[in-house]
2 protein chains.
Amino acid sequence: MLQDTQNTPLLAGLEAGGTNFNCVLARDPRTILARARFPTEKPERTLAKVLAFFREESARLDPLGAMGIASFGPVDNNRASPDYGRILNTPKRDWVHIDLLGWFREHLGVPVNLETDVNGAALAEQRLGAAQGIDNFIYVTVGTGIGAGIVMGGRIINGFTHPEVGHMRMSRDANRDPFPGCCPFHGDCLEGLACGPALELRWRRPGTELPPAHQAWELQADYLAQMCANLTYCYAPERIILGGGVMQNAFLFPLIRERVQQLLNGYGPPPALAHPDSYIVPPALGGESGQLGALLLAQQQLHGNPPAA
Amino acid sequence: MLQDTQNTPLLAGLEAGGTNFNCVLARDPRTILARARFPTEKPERTLAKVLAFFREESARLDPLGAMGIASFGPVDNNRASPDYGRILNTPKRDWVHIDLLGWFREHLGVPVNLETDVNGAALAEQRLGAAQGIDNFIYVTVGTGIGAGIVMGGRIINGFTHPEVGHMRMSRDANRDPFPGCCPFHGDCLEGLACGPALELRWRRPGTELPPAHQAWELQADYLAQMCANLTYCYAPERIILGGGVMQNAFLFPLIRERVQQLLNGYGPPPALAHPDSYIVPPALGGESGQLGALLLAQQQLHGNPPAA
């Protein structure tokens with residue numbers, strides 16, 4: 001299965017996450033040649049470490065052909081915008097307006113392709129993972145935040161900016177769940193109620209310390225099922241992939257699938273109703289999807305084939 | 001401004017609505033040559049009247065070149081499906097599984113292009129109305145039902161089937177609004193709480209008899225604002241066009257715009273935050289958008305250029 005990749009250019013992939021920056025080098029995303037991880041600190045510090053890694057490894061291996069970045073958001077991913085590649089209004093104040101794309105283009109001297117982390121992960125799941133052969137699907141991450149990459153008709157869907165499905169409104173029963181939510185903008189939106197930090201704030205211990213039988217998970221499954229129902233009606237996807245730290249609790253999947261069927265109540269697109277087990281699934285690439293997506297973005301940049309609609 | 005259209009083929013446009021079937025004939029959508037309206041009764045009866053109209057007018061004018069249908073839903077609008085053009089699981093039991101497209105193709109002997117009514121209306125607003133020059137927008141109808149046509153990157157977005165945003169979940173305060181909703185599948189989803197019939201059931205008189213100062217409208221604006229906020233976060237459109245019977249109450253627009261800003265609370269795409277008055281707008285084509293969309297669909301069929309992604 002191995003291709004002769006000695007003559008294909010070296011690609012740099014960067015998953016710029018809220019907690020870590022993951023760096024990978026490859027000629028083909030299936031064969032990683034080098035990798036490194038740096039914590040997300042002050043921009044100058046983190047960016048300098050990433051740059052040093054890519055420079056050193058490229059000196060050892062080969063000159064770089066292109067770079068792909070799958071970045072935390074909000075980030076300007078509109079290729080027609082003068083601010084394309086800049087971080088936008090994030091709660092990480094040090095990072096606001098940082099020109100991620102421009103900085104690497106200047107310092108590495110190669111073309112750079114940037115997308116959101118979830119759009120990058122969606123791309124990787126489409127090419128190499130749980131959405132191969134599927135034209136309409138959604139990749140959701142449920143972790144420090146909640147976000148989604150949406151692929152319709154085979155292409156990543158962006159509007160004026162990228163979607164931010166984590167901020168959709170939820171139906172919350174205040175008697176059952178008095179926690180008011182932790183979104184700094186909306187309180188009890190989806191992210192405010194169901195991201196990792198919300199779990200910890202509501203139950204006063206990290207999600208990793210909550211046993212599977214804890215009432216926390218039924219509530220968590222309900223909010224994520226509301227999200228899946230809304231995504232089902234808004235996009236009519238063939239599959240919803242749920243990734244991110246919170247979804248490593250695999251027992252959540254059957255709880256969510258069951259609740260989604262209750263919410264849809266027999267009304268919805270055939271893939272959602274007929275095959276619940278293959279409709280809501282975990283990622284096939286696990287925590288690798290963001291990095292692999294970044295490499296695919298680099299590859300597309302090289303071939304003049306950007307992924308967005 | 002008039003083109004020489006004598007040599008361009010005659011187009012049949014049908015807006016197949018839940019209440020009426022509106023028929024138009026034109027060479028160019030800007031110049032309607034004949035029109036008729038028939039109530040939505042038993043399929044055999046309504047379809048026979050529509051067919052007779054198109055046959056008689058075409059005998060008088062010219063042979064037909066193509067037909068476009070903008071149909072109520074749910075309808076199979078997936079061109080790759082064996083059921084493309086059939087009505088799906090609608091509460092109008094007589095119409096379930098009726099092959100709208102096949103019937104007209106057979107009886108009129110011309111190519112037929114079918115989309116949902118809201119996708120048709122979106123197309124018309126894009127070409128001739130309130131979304132000219134805008135690549136990312138949403139057309140919503142709020143009437144007997146609630147549905148949306150979504151255009152991203154200039155193209156109509158469909159997943160496995162067409163979206164059904166009317167069934168998204170709402171945040172409902174049962175103390176403020178004890179009405180449990182009238183959706184036969186979900187009770188208090190968006191459509192169940194905010195369609196025309198819900199207004200009438202909740203307040204025990206038709207919406208047309210509720211004065212602008214009635215508390216009904218603040219509640220109505222709240223649900224429609226929740227919808228606009230969710231659409232904003234799910235799609236990041238540049239504009240949301242609100243049409244349909246309920247939106248003929250023009251005083252709803254400022255109420256909705258104000259509530260949307262409260263819900264977004266300063267977080268969202270620039271078009272939504274910076275220009276509320278041009279972000280949420282009425283249709284420019286009024287009640288004509290469905291019919292004009294049907295003519296545009298016919299035109300696209302003739303030119304081998306179907307609109308969907």
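Q: Two strands are taken to pair if DSSP finds at least two bridges between them. Which order do the five strands of the open sheet have in chain A?

A: In general, the strands of a sheet pair through backbone hydrogen bonds, in either a parallel or an antiparallel sense. Helices (H or I, at least four residues) and strands (E, at least two) are DSSP runs numbered from the N terminus. In this predicted model, the order in chain A is β8-β7-β6-β9-β10, and the pairing is mixed. β8 (155–156) and β10 (280–281) of chain A stand at the edges with a single partner strand each, so one side of each has no neighbour in the sheet.

Q: In what sense do strand β7 and β8(A) pair, and over how many bridges?

A: Strand β7 (residues 146–152) of chain A and β8(A) are antiparallel, with two bridges between them. In this pair, A:V151 stands opposite A:I156 of β8(A). Helix α3 (residues 117–128) of chain A packs on this sheet, touching β6 (137–142), β7, β8 and β9 (239–243) of chain A. Contact means heavy atoms within 4.5 Å. The direction of α3(A) makes about 50 degrees with that of β7(A); axes are lines fitted to C-alpha atoms, for helices over the stretch in contact, and angles run from 0 to 180 degrees between N-to-C directions.

Q: Which strands of chain B form an open sheet, and in what order?

A: Five strands of chain B form an open sheet in the order β3-β2-β1-β4-β5, with mixed pairing. From one strand to the next, the twist averages 15 degrees. Helix α2 (residues 100–108) of chain B packs on the sheet and touches β1 (10–16), β2, β4 (64–71) and β5 of chain B; its direction makes about 160 degrees with that of β4(B). Helix α3 (residues 117–128) of chain B lies across β4 and β5 of chain B, at about 100 degrees to β5(B).

Q: How many bridges join strand β2 to strand β3 of chain B?

A: Strand β2 (residues 20–28) and strand β3 (residues 31–39) of chain B run antiparallel and are joined by eight bridges. The two are connected by a hairpin through two residues. Facing positions include B:V24 opposite B:R35 and B:F21 opposite B:F38.

Q: Is A:Y267 buried or exposed?

A: Buried means under 20% relative accessible area, exposed over 50%, and partly exposed in between (1.4 Å probe, protein chains only). A:Y267 is buried, with a relative accessible area of 7%. This residue is found in the loop between α7 (252–264) and α8 (270–274) of chain A. Not counting residues up to four places away in sequence, A:Y267 touches A:Y233, A:L273, B:P74, B:N89, B:E164, B:H167, B:F185 and B:H186.

Q: What joins the side chains of A:Y267 and B:E164?

A: A polar contact of 2.9 Å joins them. The term denotes a pair of N or O atoms within 3.5 Å; within protein, one must be able to donate a hydrogen and the other to accept it, and residues adjacent in sequence count only if both atoms are side-chain atoms.

Q: Where is the place of A:L264?

A: A:L264 is in helix α7 of chain A and is buried, with a relative accessible area of 0%. Among the residues that A:L264 touches are A:A229, A:T232 and B:H186.

Q: How is chain A divided into domains?

A: Domain bounds come from an automatic or database domain assignment. Chain A has domain 1 (10–119 + 287–302) and domain 2 (130–282). Their contact takes 11 residues from domain 1 and 14 residues from domain 2 of chain A, and the C-alpha centres of these domains lie 27 Å apart.

Conventions:
Residues numbered from 1 in each chain as written. Chains lettered and ligands numbered in written order. Predicted model: local features only at pLDDT ≥ 70, side-chain atom pairs only at ≥ 80, totals over all residues. Heavy atoms only, no water.
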